[in-house]
Amino acid sequence: MTSMTGPEFTEFRELFAKARSVLVLTGAGISAESGVPTFRGSGGFWRTYQATDLATPEAFKRSPSLVWEFYQYRRELMRTKEPNKGHFALAEAEKRFESEGKRFVLVTQNIDGLHRQAGSQNLIEMHGRLFTTRCTSCGFTEDNYDSPICEALRNRGSPDQAGAEIPIKDLPSCRQCQSLVRPNVVWFGEALDRDIVKKIDEEIAKCDLFLVIGTSAVVYPAAAYASWIARRGVPVAEINIESTPSTSVSTFHFEGPSGELLPILLAPTTDDKSHKDS
Ligand code: BJW
Ligand code: ZN
């Protein structure tokens with residue numbers, strides 16, 4: 001783990017204290033210490049499938065039943081998980097920046113909702129939300145926290161036990177038009193919401209410090225943000241347990257679990273504290 005007393009740490013802390021507009025990008029790694037599996041690596045399997053092979057429109061077309069079981073499993077799993085110290089450190093930093101009239105924007109690739117649960121408000125969930133559905137026919141979108149989401153998915157989605165294919169008519173359906181609904185998330189090959197892309201691009205152009213946390217930085221467009229921002233001469237700090245394609249463009253690379261590093265990296269400075277105490 002990177003030392004939290006060395007010159008890299010001190011230099012980062014100085015930049016963080018001076019920053020007026022911080023942009024943060026998180027990936028699955030920030031939720032790993034909450035017990036949420038990441039996408040790639042050994043944790044990224046469900047049954048015999050790689051998670052990334054199920055997060056596609058092709059997989060849903062081939063077997064909506066299988067893909068719904070995968071999401072049913074993840075919905076139930078999330079009911080047992082809580083935000084960790086990394087999520088809370090980001091939410092607290094946002095509050096502090098806000099109270100000082102500065103910008104702090106968090107873009108997450110995660111659909112798990114843990115940043116919101118931790119209290120982050122200036123939040124962009126670029127790949128959608130696990131607990132929102134969208135109709136495949138009329139596009140009607142709504143939050144849905146039902147457990148199970150439909151009777152046919154009750155006790156289904158076990159990672160080690162495959163069941164019979166569920167007919168489409170028994171899968172979650174739209175209450176406006178009764179067609180099949182899907183999780184309102186962005187799968188491979190699908191376009192991101194245009195307004196969200198626009199908002200993120202504006203933040204990328206505005207920020208004076210970028211933090212990239214717990215992402216393998218292989219999925220676009222998020223994978224490109226560090227290099228776009230570094231090209232503007234803006235410092236980039238990466239927090240990850242390993243190196244990624246973003247490491248080469250990063251000014252700082254803090255190696256270690258984000259739940260341990262973020263509370264130290266983003267802690268209030270002595271000035272902040274004395275300001276608050278007075
Ligand atoms: C820790 C830790 C701890 C562990 N502390 N760290 C340009 C070039 C080539 C291809 C493309 C391109 N532009 C677009 C594409 C196609 C495609 C793409 O990127 N393909 C690449 C794989 C090559 N992109 C798309 O299709 C996107 N759409 C798009 O761009 O539309 C326009 C377009 C389409 C086609 C062609 C060209 C343009 C959409 C991408 C949607 C991604 N969707 C998913 C599923 C979301 C729903 C769901 O969750 O079910 O999003 S896939 C999956 O990957 C999920 C994640 O958000 C995303 C990123 O994964 P992430 O978060 O980085 O997780 P991991 O597991 O990969 O990494 C975890 C990291 O944490 C690791 O680094 C660990 O070390 C670290 N870690 N524990 C700190 N404790
Ligand atoms: Zn509908």
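Predicted model: local features only at pLDDT ≥ 70, side-chain atom pairs only at ≥ 80, totals over all residues.
A polar contact here is a pair of N or O atoms within 3.5 Å; within protein, one must be able to donate a hydrogen and the other to accept it, and residues adjacent in sequence count only if both atoms are side-chain atoms. Residues are numbered from 1 along each chain as its sequence is written, chains are lettered from A and ligands numbered from 1 in the order in which they are written, and side-chain values use heavy atoms, with hydrogens and water left out.

**Around ligand 1**

- The protein covers 77% of the 1500 Å² of accessible area that ligand 1 has on its own (Shrake-Rupley method, 1.4 Å probe).
- Two further contacts are worth a look: a polar backbone atom of Phe 39 sits 2.7 Å from an oxygen atom of ligand 1, and a polar side-chain atom of His 127 is 2.9 Å from an oxygen atom of the ligand.
- The shell holds 35 residues, and the closest are Arg 40, Tyr 71, Arg 74, Gly 189 and Ser 216; a residue is near if one of its heavy atoms lies within 4 Å.
- By type, the shell divides into 18 nonpolar, 12 polar and 5 charged residues (Ala, Val, Leu, Ile, Met, Phe, Trp, Tyr, Cys and Pro count as nonpolar, Asp, Glu, Lys and Arg as charged, and the others, Gly among them, as polar).
- Helix 2 (29-32) and helix 5 (64-78) each give at least two residues to this shell; helices (H or I, at least four residues) and strands (E, at least two) are DSSP runs, numbered from the N terminus.

**The zinc site**

- Four SG atoms, from Cys 135, Cys 138, Cys 174 and Cys 177, coordinate the zinc ion (ligand 2) at 2.3 to 2.4 Å; donors are N, O and S atoms within 2.8 Å of the metal (3.2 Å for Na, K and Ca), and water is not among the atoms, so sites may look incomplete.
- Angles of 100 to 118 degrees between the 4 donor atoms make the arrangement tetrahedral (for four donors, all angles between 85 and 135 degrees).
- Along the sequence, the donor residues follow the spacing C-x2-C-x35-C-x2-C.
- Cys 138 lies in the loop between strand 6 (128-135) and strand 7 (141-143), and Cys 177 in the loop between strand 7 and strand 8 (181-185), so the pair ties together parts 39 residues apart in sequence.
- Cys 138 counts as partly exposed because its relative accessibility is 44%, and Cys 177 does so at 29% (buried is under 20% relative accessible area, exposed over 50%, partly exposed in between; 1.4 Å probe, protein chains only).

**Leu 54**

- Leu 54 belongs to helix 3 (residues 51-54) and, at 2% relative accessibility, counts as buried.

Notes:
Tetrahedral: all angles 85-135°; square planar, octahedral: opposite > 155°, others 65-115°.
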